[in-house]
Amino acid sequence: MPHVEKGMSVGLFGGSFNPPHPGHTLVSEIALRRLRLDQLWWIVTPGNPLKDHSGLAPLADRVRWSREIAPDPRIKVTAFEAPQKLRFTARTLAYVKARNPGVNFVWIMGADNLASFHHWQDWRGIAETFPIAVIDRPGSTLSYLSAKMAKAYGHARIDEEDAGVLARRKAPAWTFIHGPRSSLSSSAIRDAAATS
């Protein structure tokens with residue numbers, strides 16, 4: 001895990017990054033600025049348990065590609081889940097929390113994941129471990145109105161104008177952040193490469 005100090009605000013952005021692309025960096029730039037983060041960790045996963053792994057590039061390649069594309073020195077690329085055999089986000093967040101007392105973490109995810117978030121293992125545990133920032137994605141802007149997580153934790157939603165204090169809030173707390181959106185997706189990039 002990257003080095004952090006007590007009192008820091010750190011975003012956690014997990015994904016397969018298969019491959020990483022400018023959409024990931026756009027989400028990261030928005031999160032760093034709007035959430036007032038000291039660091040943002042790209043947690044490159046061994047593989048999403050809800051997705052097919054047949055087209056998954058080797059972890060070492062995805063980590064290298066991520067380091068090459070991540071422009072901001074505050075973005076720390078890590079793959080600590082693999083050696084710890086962590087497959088589910090809830091366990092990853094519990095692991096991070098136990099090893100970094102006094103650090104203010106916030107889980108960051110794209111709005112495209114919000115609709116299916118309630119299918120994640122122990123999704124309520126995730127929502128109650130760290131605050132969550134949902135970053136707008138094309139076609140998902142209104143997902144916060146109908147998503148099961150958004151309804152279950154409607155009382156814990158803070159206005160996006162207050163996003164700068166989210167990392168210091170006690171979970172459950174979340175916000176939806178609007179802003180520039182990228183239509184890029186890793187699956188579309190893989191599909192285009194396969195047909196060319």
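Which residues of the largest nonpolar core touch the most other members? The points below take up this question and then turn to other parts of the structure.

1. Basis of the note. The model is a predicted one, in which local features need pLDDT of at least 70 and side-chain atom pairs count only at pLDDT 80 or more, while totals for chains, interfaces and linings use all residues. Residues are numbered from 1 along each chain as its sequence is written, and side-chain values use heavy atoms, with hydrogens and water left out.

2. Overall make-up. The protein has 8 helices and 6 strands, where helices (H or I, at least four residues) and strands (E, at least two) are DSSP runs numbered from the N terminus. From the N terminus on, the order of these elements is β-α-β-α-β-α-α-β-α-β-α-α-β-α. Of its 196 residues, 51% count as buried, with buried meaning under 20% relative accessible area, exposed over 50% and partly exposed in between (1.4 Å probe, protein chains only). Among contacts (heavy atoms within 4.5 Å) with a separation of 6 or more, 77% are made by residues 24 or more positions apart.

3. The largest nonpolar core. The residues asked about above are Leu12, Trp41, Ile132 and Trp174, in a core of 33 residues; such a core is a set of buried Ala, Val, Leu, Ile, Met, Phe, Trp, Tyr and Cys residues joined through side-chain atoms within 4.5 Å. At least two residues of this core come from each of β1 (9–15), β2 (39–44), α4 (89–99), β4 (104–110), α5 (123–127), β5 (132–135), α7 (148–152) and β6 (174–177), and α4 supplies the largest share, 4 residues. Apart from this core lies another, of 26 residues, which includes Leu32, Leu37, Val44 and Ala70. In soluble globular proteins, nonpolar side chains tend to be buried together.

4. Leu12 and α4. Once neighbours within four places in sequence are left aside, Leu12 is in contact with Trp41, Ile43, Leu93, Val96, Phe105, Val106, Trp107, Ile108 and Phe130. Leu93 and Val96 are also among the buried residues of α4, together with Thr89, Ala90, Thr92 and Tyr95, and the buried residues of this helix pack against β1, β2, α3, β4 and α5.

5. Helix α2. In α2 (residues 59–69), Arg62, Val63 and Ser66 are buried. Seen down the helix axis, the buried residues fall within an arc of 100°, so they line one face of α2; the arc is that of the directions from the helix axis to the C-beta atoms. These buried residues pack against β2 and β3 (75–78), whereas the face turned away from the buried side carries the exposed residues Ala60, Arg67 and Glu68.

6. Ala79. This residue sits in the loop between β3 and α3 (81–84). Ala79 and Val44 are 35 residues apart in sequence, yet their C-alpha atoms are 5.0 Å apart in space. Neighbours within four places in sequence aside, the contacts of Ala79 are with Val44, Leu59 and Val63.

7. Gln39. Strand β2 holds Gln39, which is buried, with a relative accessible area of 6%. Leaving aside neighbours within four places in sequence, Gln39 is in contact with Pro2, His3, Val4, Met8, Ser9, Val10, Gly11, Leu32, Arg74 and Lys76.

8. Backbone points to check by eye. A cis peptide bond with omega of about 0° joins Asn18 and Pro19, and Pro19 lies in the loop between β1 and α1 (22–34). The bond from Ala171 to Pro172 is also cis, with omega near 0°, and Pro172 is in the loop between α7 and β6. Arg36, in the loop between α1 and β2, has a positive phi near 55° although it is a residue other than glycine, and counts as exposed at 60% relative accessibility. Asp122, in the loop between β4 and α5, likewise has a positive phi, of about 50°, without being a glycine; at 46% relative accessibility Asp122 counts as partly exposed.
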